[in-house]
Amino acid sequence: MKYIVLMVLAFLQVVLAVLLGYKKHSKVSKVFILFAANMAVWTVANILLDYYQYQVKDQLTFIDIMNRVGFFLGTLSLITVYRLSLVFPVEKAKTKAQGVITAVGLVVPFLTLSPLVSGSFSQSASGEVAVYTYGPLVGVVGLYVLAIAALSIKNMFSAFKSVEPVVRRQAYTVFAGLISSIILGAFFITVLPAVTGSERFLFLGYAAPLLFTASVFYSIFRQQLLNFRAIVARSAAYIILVAVFAATYAILVFGISNQVLGTPDFNLIQQTFYILAALFLAFSYQPIKKFIDRFTNKLFYRDAYDAKSLLNDLN
């Protein structure tokens with residue numbers, strides 16, 4: 001089930017990046033796109049890391065690569081958070097300090113590729129699990145995370161006095177989800193396992209970006225973040241439809257099949273199951289589409305909808 005949750009999260013992050021692409025000429029949107037896309041790849045890397053570490057277990061080279069990719073993308077995302085705090089809710093004047101922090105932020109991800117930071121994996125004595133050993137310098141990365149989070153919060157609050165209340169609410173929502181994701185992710189992935197020696201709650205760290213993703217979607221739908229309402233009103237039904245089918249297929253394929261069929265090998269029985277799952281989705285497309293169309297029409301089109309106005313807004 002945890003893999004399904006993470007796959008849905010990765011999908012939502014991709015949807016968010018695509019949606020923000022409609023405002024690709026905006027500096028704020030560009031940073032949002034980079035962060036959302038980076039988090040989508042980071043989530044997929046963590047799915048593969050967790051699955052191979054606890055299910056396959058003997059692919060140590062691949063597990064180690066996914067671990068390093070996770071460290072690299074995780075620290076890289078922090079600099080996009082810092083850059084976001086420089087342009088949202090208002091763009092700040094450029095300084096040399098900002099350039100230095102950005103340069104350091106671009107170098108740190110490459111340093112995390114070293115086993116001194118990202119650690120290493122070895123086979124347990126029983127051979128039942130791949131055992132992870134933390135790098136001796138991982139604590140330095142933890143301090144770096146706290147420093148970037150603190151600088152981002154400082155930049156955010158320093159701009160609040162000069163923005164309108166509606167923009168202030170948007171910033172509160174987005175940064176609350178963003179900072180919460182960073183803190184919880186760092187705690188469950190780095191701090192808690194290092195202190196307790198247990199990796200039971202790693203999944204909560206991998207799923208932490210869900211808070212950021214949810215906060216941005218909420219701000220777009222309810223607070224009109226970046227004035228996306230016209231675009232969202234036209235595309236929401238199809239985004240939700242794709243999300244429903246992706247989640248349904250993931251549950252059928254990776255949830256029920258693993259429970260019922262057991263083996264990860266693609267034998268004839270599993271291939272048949274996947275074909276039947278695809279046929280089920282194909283035949284249920286139209287009924288579900290009609291239901292979602294009615295729902296989104298009620299949500300977005302309460303007043304008269306003018307297609308010409310929408311096209312003018314898009315242009």
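Which residues make a nonpolar surface patch of about 260 Å²? Select Leu116, Leu137 and Val140, which together form that patch. Within this selection, Val140 belongs to helix α6, residues 138–159. Val140 is exposed, its relative accessible area being 52%.

**The whole chain**

Now show the entire protein, bearing in mind that this is a predicted model. Colour it by pLDDT: the mean is 76, and 68% of the residues reach 70 or more. Among the elements, helix α4 (residues 96–111) has the highest mean pLDDT, 91, whereas helix α12 (residues 307–314) has the lowest, 58.

A cartoon view displays 12 helices and 2 strands. Followed along the sequence, they occur in the pattern α-α-α-α-α-β-β-α-α-α-α-α-α-α. The protein has 315 residues, of which 41% count as buried.

Select Asp64 and Arg68 and display their side chains. The two side chains meet in a salt bridge, with an N to O distance of 3.0 Å. The count for the model comes to 1 salt bridge. Why can such side chains pair? Side chains of opposite charge can do so when their charged atoms come close. Asp64 and Arg68 are 4 residues apart in helix α3 (residues 60–87), so about one helical turn separates them. In an α-helix, residues three or four places apart point the same way, because there are 3.6 residues a turn.

Most peptide bonds are trans. Pro89 is located in the loop between α3 and α4.

**Helix α4**

Select residues 96–111, which make up helix α4. The end C-alpha atoms of α4 are 23 Å apart, in agreement with the 22 Å that its 16 residues should span at 1.5 Å a residue. Highlight Gln98, Thr102, Gly105, Val108 and Pro109, which are buried in α4. Viewed down the axis of α4, the buried residues fall within an arc of 120°, and therefore line one face of the helix. Then colour Lys96, Val100, Phe110 and Leu111: these exposed residues are carried on the face of α4 turned away from its buried side.

**Helix α9 and the residues that follow**

Select residues 209–222, helix α9. Its 14 residues reach 20 Å from first C-alpha to last, close to the expected 20 Å. Buried residues in α9 include Pro209, Phe212, Val216, Phe217 and Ile220; Thr213, Ser215 and Ser219 are also buried there.

Continue to Gln223, which has its place in the loop between α9 and α10 (229–260). Gln223 counts as buried, at 13% relative accessibility.

Most residues other than glycine have a negative phi.

Conventions. Residues are numbered from 1 along each chain as its sequence is written. This is a predicted model: local features need pLDDT of at least 70, side-chain atom pairs count only at pLDDT 80 or more; totals for chains, interfaces and linings use all residues. Side-chain values use heavy atoms; hydrogens and water are left out. Patches are made of residues with over 30% relative accessible area and no salt bridge: like charges are joined within 9 Å, nonpolar side chains (Val, Leu, Ile, Met, Phe, Trp, Tyr) within 5 Å. Accessible areas come from the Shrake-Rupley method with a 1.4 Å probe; for residues, only the protein chains shown count as cover. A salt bridge is a side-chain nitrogen of Lys or Arg within 4 Å of a carboxyl oxygen of Asp or Glu. Buried means under 20% relative accessible area, exposed over 50%, partly exposed in between (1.4 Å probe, protein chains only). pLDDT is the predictor's confidence in each residue, from 0 to 100. The expected span of a helix is 1.5 Å times one less than its number of residues. The arc is that of the directions from the helix axis to the C-beta atoms.
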